[in-house]
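Me: I would like to learn how to read a few features of a protein model. Please take me through them one at a time.

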Amino acid sequence: MYTENRNVRPEDLGGGVSRKILSYSKNLMTVELHFPKGGIGAPHSHPHEQIGYIVSGKLVYHEEGEADQVLGTGDTYYVKPDAVHGIDVLEDTVLLDIFTPMREDFIK
C-alpha cells in the first residue's frame with residue numbers, strides 16, 4: 001500500500017493548523033501536520049505510542065515531568081502512552097507523527 005501525499009486533502013484543524021492522514025494499518029499510522037509560526041499544539045494525552053519527526057521548522061516540545069526542549073528540522077521526539085504533551089511553534093513547522101496503534105479517532 002502507498003499514499004501519494006499530493007492526493008491527500010489536508011484537514012483544517014483551526015488556527016492555521018492542518019493534518020493529513022497518510023498510510024496506516026490498525027497497528028501503525030503516519031500523519032503529516034502543518035503548524036504556523038505562533039501555533040500551539042495544546043497539551044493532551046492518548047494511549048498510543050508516538051514518534052514525531054520535524055520535517056521543517058522549530059518548536060518547543062513540552063512533556064509533563066520533563067524539561068522543555070527546543071527542537072528543529074531533523075529532530076525527533078518520543079511520546080510514551082498517556083503522557084501529557086504539547087508544542088509551541090517558533091517557526092512555520094511541518095511534522096510527521098507516527099502512532100502505534102493507529103489513531104482511530106483521526107479516521108472519520
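Reply: Start with residue classes: Ala, Val, Leu, Ile, Met, Phe, Trp, Tyr, Cys and Pro count as nonpolar, Asp, Glu, Lys and Arg as charged, and the others, Gly among them, as polar. The model here is predicted. In the lining of its largest pocket, 13 residues are nonpolar, 7 polar and 3 charged.

Me: What is the volume of the largest pocket?

Reply: Rolling a probe the size of a water molecule over the atoms shows where empty space is left. In this model the largest pocket has a volume of about 370 Å³. Its lining has 23 residues, and the closest to the pocket centre are L33, F35, G41, H44 and D97. Two or more lining residues come from each of β1 (11-14), β2, β3, β4 (40-44), β9 and β10.

Me: Which element gives the most to the lining of the largest pocket?

Reply: That is β4, with 4 residues.

Me: Which residues have the most contacts inside the largest nonpolar core?

Reply: A core of this kind is built from buried residues joined through side-chain atoms within 4.5 Å. The largest one has 19 residues, and M29, V31, F35, L59, Y61, I87 and L95 have the most contacts inside it. The elements giving two or more residues to this core are β2 (17-24), β3 (29-35), β6 (58-63), β8, β9 (85-89) and β10 (93-100). The largest share, 4 residues, is from β3. Take L59 as a case: beyond its neighbours within four places in sequence, L59 is in contact with residues including V70, L71, I87, V89 and L95.

Me: Is T76 buried, partly exposed or exposed, and what is T76 in contact with?

Reply: T76 has 48%, so T76 is partly exposed. T76 is in strand β8 (residues 76-79). Neighbours within four places in sequence aside, the contacts of T76 are G52, Y53 and L71. T76 and L96 are 20 residues apart in sequence, with their C-alpha atoms 9.4 Å apart in space.

Note on methods. Residues numbered from 1 in each chain as written. Predicted model: local features only at pLDDT ≥ 70, side-chain atom pairs only at ≥ 80, totals over all residues. Heavy atoms only, no water. Buried < 20%, exposed > 50% of the residue type's maximum accessible area, 1.4 Å probe, protein only. Contact = heavy atoms within 4.5 Å. 1 Å grid on protein atoms, 1.4 Å probe; cavity = no way out; pocket = protein on both sides within 12 Å on 5 of 7 lines; lining within 4 Å. Points joined across faces, edges and corners; volume = space filled by probe spheres on them.
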